[in-house]
Amino acid sequence: MGQITLIATAAMGLESIVADEVRALGYDCQVDNGKVMFVADERAICRTNLWLRTADRVKVKVGEFRATTFDELFEQTKALPWAQFLPVDAQFPVVGKSVKSTLFSVSDCQAIVKKAIVEHLKQHYGVSWFEETGALFRIEVALHKDVATLTIDTSGAGLHKRGYRVKQGEAPLKETLAAALVRLTNWTPDRPFVDPFCGSGTIAIEAALIGQNIAPGFNRDFVSEQWSWIPPHLWDEAREEAEDLARYDQPLHIVGFDIDHRMVDIAKTNAQEAGLADLITFKQMQMKDFRTKEEYGVIVGNPPYSERLGEKEEVEQLYREMGKTFAALDTWSIYILTSHRHFEQLYGKQATKRRKLFNGFIETQYYQFWGPRPPRY
């Protein structure tokens, strides 16, 4: 196959973290809104799907061109090297989106792209009908300001689906965002880590995966494993690499607690499914009851935001209590994600740094209160 262009898609605000992960795997990349682009070989499809903690998906970029008419869309799509990627029996559904573009009818764009790909494959394979009974190649046509980008999804289920979340609460945090929250801290595996609003345990579980350098995609499958042009031995080698790089003997001190005992039970079940039950302590406790003699720890919390009417006073009181409780932790670093615009005033302290992130469609700030660096011994 040779060199191909890959795109790791990212939620708004996480692009630079995804880019750091791509570079850590040894690939030079370019960063754009919502995506990180890099050129690599087929092996990179296996490695990035297994290792990227904060990306949404990995896609193959087949082509990009300007199109303001359906004729242009058809002809330029047809001219792309589809047979290089799609075998004669490929299933290739087409999905689409259009933003600020002349061609705004997504259903029409999807139909035209599908027809153009069929015409290309007819000429290449010399057949007039495609059964589409083989491996799945989900194609997307994305139009933005009249530029069409055509991609094939290599991931299947989104990369946030690690395979360990058996149960979840009402407002679950995506695993990719949870991993980003941990990555944005100064935590190292030799320091205590606490999530005081653990919910279904996602932040604590992602911290444990990071702490032991376990590839987040290690226990799941990817749609591109069925593609004939990616030799199975590349997937085997990528999984062997992940196994070799995992630090299963790294001791961790990770605690998650929640006021709701049902969520604590769910968190324990999820940690067990992830194979991390022995590494994380989950317990029922109110945040204001948290006390510790440990030093230089890190707290990462995703507390309630008061998005619903009637919850505002309760949530604001929680934020005040949080400020008082955490004030005693003078060597700890505290990181809190919330959409509440007056969090700092309620907490009683100005953050060292703030970062805008999106939790689903909710615009939030990640408030970072940095503690002192641990002494070097």
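Biologist: Which residues line the largest cavity?

Modeller: Quick caveat: this is a predicted model, where local features need pLDDT of at least 70, side-chain atom pairs count only at pLDDT 80 or more, and totals for chains, interfaces and linings use all residues. Residues are numbered from 1 along each chain as its sequence is written, and side-chain values use heavy atoms, without hydrogens and water. On a 1 Å grid over the protein atoms alone, a cavity is a set of points where a 1.4 Å probe fits but cannot get out, and lining residues have an atom within 4 Å of a point. Here the lining is Lys59, Val95, Arg138, Ile139, Glu140, Thr151, Ile152 and Asp153.

Biologist: How do those lining residues divide into nonpolar, polar and charged?

Modeller: Asp, Glu, Lys and Arg count as charged; Ala, Val, Leu, Ile, Met, Phe, Trp, Tyr, Cys and Pro as nonpolar; the others, Gly among them, as polar. This lining has 3 nonpolar, 1 polar and 4 charged residues.

Biologist: Now the domains: how many residues of domain 1 are in contact with domain 2?

Modeller: Contact means heavy atoms within 4.5 Å. Domain bounds come from an automatic or database domain assignment, giving domain 1 (2-151) and domain 2 (173-212 + 252-367). Between them, 11 residues of domain 1 touch 14 residues of domain 2.

Biologist: And which side chains meet in a salt bridge?

Modeller: The term needs a side-chain nitrogen of Lys or Arg within 4 Å of a carboxyl oxygen of Asp or Glu. Glutamate 21 and arginine 183 pair up that way, at 2.8 Å, N to O. The count between domain 1 and domain 2 is 1 salt bridge.

Technical notes: On a 1 Å grid over the protein atoms alone, a cavity is a set of points where a 1.4 Å probe fits but cannot get out, and a pocket is an open set with protein on both sides within 12 Å along at least five of seven lines; lining residues have an atom within 4 Å of a point.
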